[in-house]
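Please read them with the structure open.

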Amino acid sequence: MKAAVLRSYGPPDALELTDVQRPAPGDDEVLVRVRATSVNPYDWHHIRGEPLVARLMPDGPGLRGPSIGIPGCDMAGQVESVGRNVTEFRPGDDVYALLPEGGFGEYVCVREDLLAAKPANLSYEQAAAVPMAGVTALVGLRDAGRIQPGQRVLVNGASGGVGTFAVQLARAFGATVTGVCSGRNVDLVRSLGADEVVDYTAEDFTRRGGRYDLLLDNAGSRSVSAYRRVLTRTGTLVVVGGPAGRWLQPAGRVFAALAVNPLVSQRIAMADAVRCPDKKQCLRLLADLIEEGKVTPVVDRRYPFAEIRAAVRYQEEGHSPGKVVVTL
């Protein structure tokens, strides 16, 4: 099979498109023919091995070299074969998953407990846009943010992969939503259901005087003290990410924000899809909301598999409205 293999850290060109042996499913695994994947910051952080501090973490990119041979955490495809203990899926089923690795290959083995049925009303390309960004937004709002109907929610970075899901999910949970994005994406964010949209190039949303029960920060564009200024006294700040750096960022920014949590009346928490213990249930809930028409993935660009390095380069620039998808 063809795969984009990572043998050493570097820019997107470090990915080597080559032939590798097709994997065989274990007893509790499903072999999936990958039809589409998408590119996330999680992927290119692993490709570059940055920030360098992450290499010291147990689930980081690896201290001496890549811990992931075939990157790619998003996948949508069709079941090829199943292990002998698998009961939920059979060959031909359309599925999607949030993977630990392997999405940048034509086939991947997935544990049954990570796999969910693909939303019936989505193409493979649309479905591949969902897992990492959708689960991050879901756990950020529901689990870390403890969102409640009637709350006022602000999504900073509302036009990105996570942000476009967060705006729609917050509305689905019954909140009033304000989205913050650049002027060129105001219409997109409004079309997703935001009650109010702030163009950060024209106005500083932390000095408008509004107060929010929950702020989901995908952009890392302001200090924690500035975010606290727009929260209610018992409001919650959920940190997702921010601008990348070679040594510490965005990990350093997230850890610094969490360190403030014990010292203030407001809650500060982190949205972490990678460590989510119930990824399958999250994907099932997202599929239900998508099939009900309450959530729709936003796809900015589609690339063929032969151009996956260009797809990673484009996503790494950080200006994509929605998701960048690769078709296999």
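**Notes on the predicted model**

1. Ser182 is buried, at a relative accessible area of 12%. The cut-off for buried is under 20%, so Ser182 falls inside that class. Bear in mind that this is a predicted model. Ser182 lies in the loop between strand 9 (176–181) and helix 5 (186–191). Setting aside neighbours within four places in sequence, Ser182 is in contact with Asp199, Tyr200 and Thr201.

2. Asn185 is found in the loop between strand 9 and helix 5. Is Asn185 buried or exposed? Asn185 is buried, with a relative accessible area of 6%. Neighbours within four places in sequence aside, Asn185 is in contact with Ser159 and Pro321. Pro321 is 136 residues from Asn185 in sequence, yet their C-alpha atoms are 7.2 Å apart.

3. Asp195 sits in the loop between helix 5 and strand 10 (196–199). Its relative accessibility is 46%, and Asp195 therefore counts as partly exposed. The class runs between the 20% and 50% cut-offs. Leaving out neighbours within four places in sequence, Asp195 is in contact with Arg171, Ala175, Thr176 and Val177. Gly179 is 16 residues from Asp195 in sequence and 8.0 Å away, C-alpha to C-alpha.

4. Turn next to helix 3 and helix 4. The axes of helix 3 (residues 131–144) and helix 4 (residues 161–172) come within 8 Å and cross at roughly 50 degrees. The two helices are therefore oblique to each other. Helix 3 passes helix 4 in a right-handed crossing. On the helix 3 side, the contact is made by Ala133, Gly134, Thr136, Ala137, Leu138 and Leu141. Helix 4 supplies Gly161, Val162, Phe165, Ala166, Leu169 and Ala170. By class, the residues of this contact are nine nonpolar, three polar and no charged.

5. How many of the 14 residues of helix 3 are buried? Twelve are, and the helix is mostly covered. The buried set includes Pro131, Met132, Val135, Val139, Gly140 and Ala144. Also buried are Ala133, Gly134, Thr136, Ala137, Leu138 and Leu141, and these residues make the helix 3 side of the contact with helix 4. Just after helix 3, Arg146 takes a positive phi of about 50 degrees.

6. Helix 8 (residues 279–291) has 13 residues. From first C-alpha to last it reaches 18 Å, close to the 18 Å expected at 1.5 Å a residue. Which residues of helix 8 are buried? They are Lys279, Lys280, Cys282, Leu283, Leu286, Ala287, Leu289 and Ile290. An α-helix has 3.6 residues a turn, so residues three or four places apart point the same way. The cover over the buried residues of helix 8 includes helix 3 and helix 4. Strand 5 (94–98) and strand 7 (115–117) are also among the covering elements. Gly293 follows helix 8, and its phi is positive, near 80 degrees.

7. Last, the chain as a whole. Its secondary structure comes to nine helices and 15 strands. Of the 328 residues, 54% are buried. Among contacts between residues at least 6 apart in sequence, 67% join residues at least 24 apart.

Conventions. Residues numbered from 1 in each chain as written. Predicted model: local features only at pLDDT ≥ 70, side-chain atom pairs only at ≥ 80, totals over all residues. Heavy atoms only, no water. Axes fitted to C-alpha atoms, helices over the stretch in contact; angles between N-to-C directions. Helix = DSSP H or I, 4+ residues; strand = E, 2+ residues; numbered from the N terminus. Parallel < 35°, antiparallel > 145°, perpendicular 65-115°, else oblique. Left-handed = near helix turned anticlockwise from the far one by under 90°. Contact = heavy atoms within 4.5 Å. Nonpolar A, V, L, I, M, F, W, Y, C, P; charged D, E, K, R; others polar. Expected span 1.5 Å × (residues − 1). Buried < 20%, exposed > 50% of the residue type's maximum accessible area, 1.4 Å probe, protein only.
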